[in-house]
Amino acid sequence: MLNSPSLQSLMGYIKPRNYLQLKGPNYMSKKRIGIAGAGNMGCAIAWAMETLGYDLIVTDQSPEAIERCQQLLNNTSHRLICGTSNMGFSSCDAVISSLPYHQNVNLAVFCIRKQIPYFDLGGSVGVSNQINTYATTHATQPVMTDLGLAPGWVNIIADHMFGEYIASEGKVPN
């Protein structure tokens, strides 16, 4: 639920860094992020990405989840789609999965084949190994599994890597 104390706490905790200043005001004006899953985590991710200035495509199979997420977001130009997880993601600059871990393999393979950077929250070593094995031989864009929700080092590393990615003008840092 959007009114749950944990989601309210998470949304109050996030203090987005202004990456727009790194490249000027128009740098991110056309960046589109796909978010698979509009549950509590997907909505929190959508809210954070909207706060950072991204255009969004959010998918979920539940019409109720899509409606709850729409109520949370301020920008009415985002596309919220009730349907399968990869609907509309071909036009995205990156995809973040907040799906249950057993649904991540198909989405990750779709993103790798379409050369779209892919990120997920993880949850299963076996699923992450499948994705990472496939990515090792097929990916041309970043594939990051198991970003999880753990505060501390995961967030620090993700923030650092995102800063490097932006600073390198979209090239994967060595």
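This passage describes the fold of a predicted model, from the whole chain down to single residues.

The protein chain has 174 residues, of which 43% count as buried. Its secondary structure consists of 7 helices and 6 strands. Read from the N terminus, these elements follow the order α-α-β-α-β-α-β-β-α-β-α-β-α. Contacts between residues at least 6 apart in sequence were also examined, and 54% of them join residues at least 24 apart. The accessible surface of the chain is about 9700 Å², and carbon and sulfur atoms account for 55% of that area.

The strands form an open sheet of 6 strands in the order E3-E2-E1-E4-E5-E6, with parallel pairing. Strand E3 (79-82) and strand E6 (143-144) stand at the edges with a single partner strand each, so one side of each has no neighbour in the sheet. In general, the strands of a sheet pair through backbone hydrogen bonds, in either a parallel or an antiparallel arrangement.

Strand E1 covers residues 32-36, and 4 of its 5 residues are buried. Two strands pair with E1 in this sheet, namely E2 and E4. E1 and E2 run parallel and are joined by 5 bridges. Within this pairing, Ala 36 has Thr 59 of E2 as its bridge partner. Between E1 and E2 the chain passes through helix H3, and this β-α-β crossover is right-handed. The pairing of E1 with E4 is also parallel and comprises 4 bridges. Here Ile 33 stands opposite Ala 94, while the bridge partner of Ile 35 is Ile 96.

Strand E4 (residues 94-97) is covered on both faces. Ala 94 and Ile 96 are buried on one side, and Val 95 and Ser 97 are buried on the other. From E4 the chain reaches E5 by way of helix H5 (residues 104-113), in a β-α-β crossover that is right-handed. E5 in turn pairs with E6 in the parallel sense over 2 bridges, and Tyr 118 stands opposite Val 143 in E6.

Helix H3 spans residues 40-51 and has 12 residues. The distance from its first C-alpha to its last is 16 Å, close to the 16 Å expected at 1.5 Å a residue. Of these 12 residues, 9 are buried, so H3 is largely enclosed by the rest of the structure. The buried residues include Trp 47 and Met 49, and also Cys 43 and Glu 50. Just after the helix, Gly 53 takes a positive phi of about 100 degrees.

Helix H4 (residues 63-72) lies across strand E2 (55-60) and E3, and it runs at about 165 degrees to E3. Leu 72 belongs to this helix. Its relative accessibility is 16%, so Leu 72 falls under the 20% limit and counts as buried. Leu 72 and Ala 46 are 26 residues apart along the chain, and their C-alpha atoms are separated by 8.8 Å. Ala 46 is itself one of the buried residues of H3.

Helix H5 is mostly covered, with 8 of its 10 residues buried. Among them are Val 105, Leu 107, Phe 110 and Ile 112. The buried residues of H5 pack against E1, E4, E5, helix H6 (125-138) and E6. In an α-helix there are 3.6 residues a turn, so residues three or four places apart point the same way.

H5 is followed by Gln 115, which is found in the loop between H5 and E5. The phi of Gln 115 is near 60 degrees, a positive value in a residue other than glycine. Its relative accessible area of 49% lies between 20% and 50%, so Gln 115 counts as partly exposed.

Technical notes. Residues numbered from 1 in each chain as written. Predicted model: local features only at pLDDT ≥ 70, side-chain atom pairs only at ≥ 80, totals over all residues. Heavy atoms only, no water. Buried < 20%, exposed > 50% of the residue type's maximum accessible area, 1.4 Å probe, protein only. Pairing = 2+ DSSP bridges. Right-handed = clockwise from strand over helix to strand, strands pointing away. Contact = heavy atoms within 4.5 Å. Areas by Shrake-Rupley, 256 points an atom, 1.4 Å probe, with all protein chains shown as cover. Expected span 1.5 Å × (residues − 1). Axes fitted to C-alpha atoms, helices over the stretch in contact; angles between N-to-C directions.
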